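Visitor: I have a model open and would like to learn how to read it. Could you take me through it feature by feature?

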Amino acid sequence: MSHELRTPITSIQGFVETLLDGNEHDEEIVKKFLNIINKESRRLNALIEDLLELSTIEKDDFTLYKSHFYVTELMHDVDQVVENQLKEKGLTRDLYVDESIALYADYNRMYQLILNLYSNAIQYTPGGGHIEWNVTLDEGYIKFQIHDNGIGIPKKNQGRIFERFYRVDQDRSRQTGGTGLGLSIVKHIVEAHEGIIKLESEEGEGTTIIVLIPQKI
Ligand code: ADP
């Protein structure tokens, strides 16, 4: 963890010191350095947010604030937030949600869960790709399934991707602002709801993640 926090801070410090070294720097260089500082500080911010979230949900006395809501409401709320990202990356998506399904769960935590899975699908699917959500009832569980036809996860890495800071490709994740904590947060939220999470993925073909949340909890 300390390494994860130190890397962006060291980088920000280095570029700020260079800009303040008393020498003249041409405009293009200044702009380039400011862009790096901007990117690194955003990453640091995301990292701190995720670490705070994780430390809350890892506590033994962590409580869920449950309420009744329709799944379609949750899915559309998240979908609106990622709409621009989808467009910018040239991805298409389908949302198949059974409108009659109501859920008794922690809305904000479920929102975070759906958003993290959605963001990963967007992140790891090249432009022109497709993402599909299916939300159905399945033997006492509400089944959230997200499928993308992106880069996929090699078999040898699949057992570890729910660990904190584990990434298949460190550089790629960092470059795109990933914290390496998204799936650990997802796993904790699933477990807090006494649910189950499954992963199916084929390198170069795509990834499917299934989350099962008990209907009566
Ligand atoms: P990150 O911030 O790096 O995305 P996550 O915990 O969300 O961290 O994911 C861990 C790793 O799992 C990612 O770095 C990536 O290698 C892999 N991963 C997660 N979701 C997908 C996906 N839909 N397609 C391909 N790889 C994925």
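Visitor: Let me start with one side chain. Is R164 buried, partly exposed or exposed?

Guide: This is a predicted model, so keep that in mind throughout. R164 is partly exposed, because its relative accessibility is 38% and that class lies between 20% and 50%.

Visitor: Which residue forms a salt bridge with R164?

Guide: The general idea comes first. Side chains of opposite charge can pair when their charged atoms come close. Here the partner is E58, and the closest N and O atoms are 2.9 Å apart. E58 is partly exposed, with a relative accessible area of 34%.

Visitor: How many salt bridges does a search of the whole structure find?

Guide: It finds 9. Take K155 and E202 as another case: their closest N and O atoms are 3.6 Å apart. K155 counts as exposed, at 55% relative accessibility. E202 counts as partly exposed, at 43%.

Visitor: How many residues apart are K187 and E191 in helix α7?

Guide: Recall the helix geometry. An α-helix has 3.6 residues a turn, so residues three or four places apart point the same way. K187 and E191 are 4 residues apart in helix α7 (residues 182-192), which means about one helical turn separates them. They form a salt bridge, with the closest N and O atoms 3.4 Å apart. K187 is partly exposed at 31% relative accessibility. E191 is partly exposed at 45%.

Visitor: Now a whole helix. What span should the 18 residues of α1 have, and how far apart are its end C-alpha atoms?

Guide: Work from 1.5 Å a residue. On that basis helix α1 (residues 2-19) should span 26 Å. Its end C-alpha atoms are 26 Å apart, which agrees.

Visitor: Which residues of α1 are buried?

Guide: They are E4, P8, S11 and I12. Seen down the axis of α1, these buried residues fall within an arc of 90°, so they line one face of the helix. On the other side of α1, H3, R6 and E17 are exposed.

Visitor: What do the buried residues of α1 pack against?

Guide: They pack against α2 (27-58) and α6 (170-175).

Visitor: Let me zoom out. Into which domains is the chain divided?

Guide: There is domain 1 (2-57) and domain 2 (66-214). Their centres, taken over C-alpha atoms, are separated by 28 Å. The contact takes 12 residues from domain 1 and 16 residues from domain 2.

Visitor: How much area do domain 1 and domain 2 bury between them?

Guide: Start with the convention. The size of an interface is often given as the accessible area lost when the parts come together. For domain 1 and domain 2 the value is about 1400 Å², with 61% of it on carbon and sulfur atoms. The count of salt bridges between domain 1 and domain 2 is 2.

Visitor: How far apart are N and O in the salt bridge of R109 and E53?

Guide: The distance is 2.9 Å, N to O.

Visitor: Where is G177 found?

Guide: G177 is in the loop between α6 and α7. At 31% relative accessibility, G177 counts as partly exposed. Compare sequence with space: G177 and L47 are 130 residues apart along the chain, yet 9.1 Å separates their C-alpha atoms.

Visitor: Last, the overall fold. How many helices and strands does the chain have?

Guide: The chain has 7 helices and 7 strands. From the N terminus on, the order is α-α-β-α-β-β-α-β-β-α-α-α-β-β. The C-alpha trace spans about 70 × 45 × 35 Å along its principal axes. Buried residues make up 41% of the 217 residues.

Visitor: What share of contacts between residues at least 6 apart in sequence join residues at least 24 apart?

Guide: The share is 71%.

Note on methods. Residues numbered from 1 in each chain as written. Predicted model: local features only at pLDDT ≥ 70, side-chain atom pairs only at ≥ 80, totals over all residues. Heavy atoms only, no water. Helix = DSSP H or I, 4+ residues; strand = E, 2+ residues; numbered from the N terminus. Expected span 1.5 Å × (residues − 1). Buried < 20%, exposed > 50% of the residue type's maximum accessible area, 1.4 Å probe, protein only. Arc of directions from axis to C-beta. Contact = heavy atoms within 4.5 Å. Domains from an automatic or database assignment. Buried area = accessible area lost by both parts, 1.4 Å probe. Salt bridge = Lys/Arg side-chain N within 4 Å of Asp/Glu carboxyl O.
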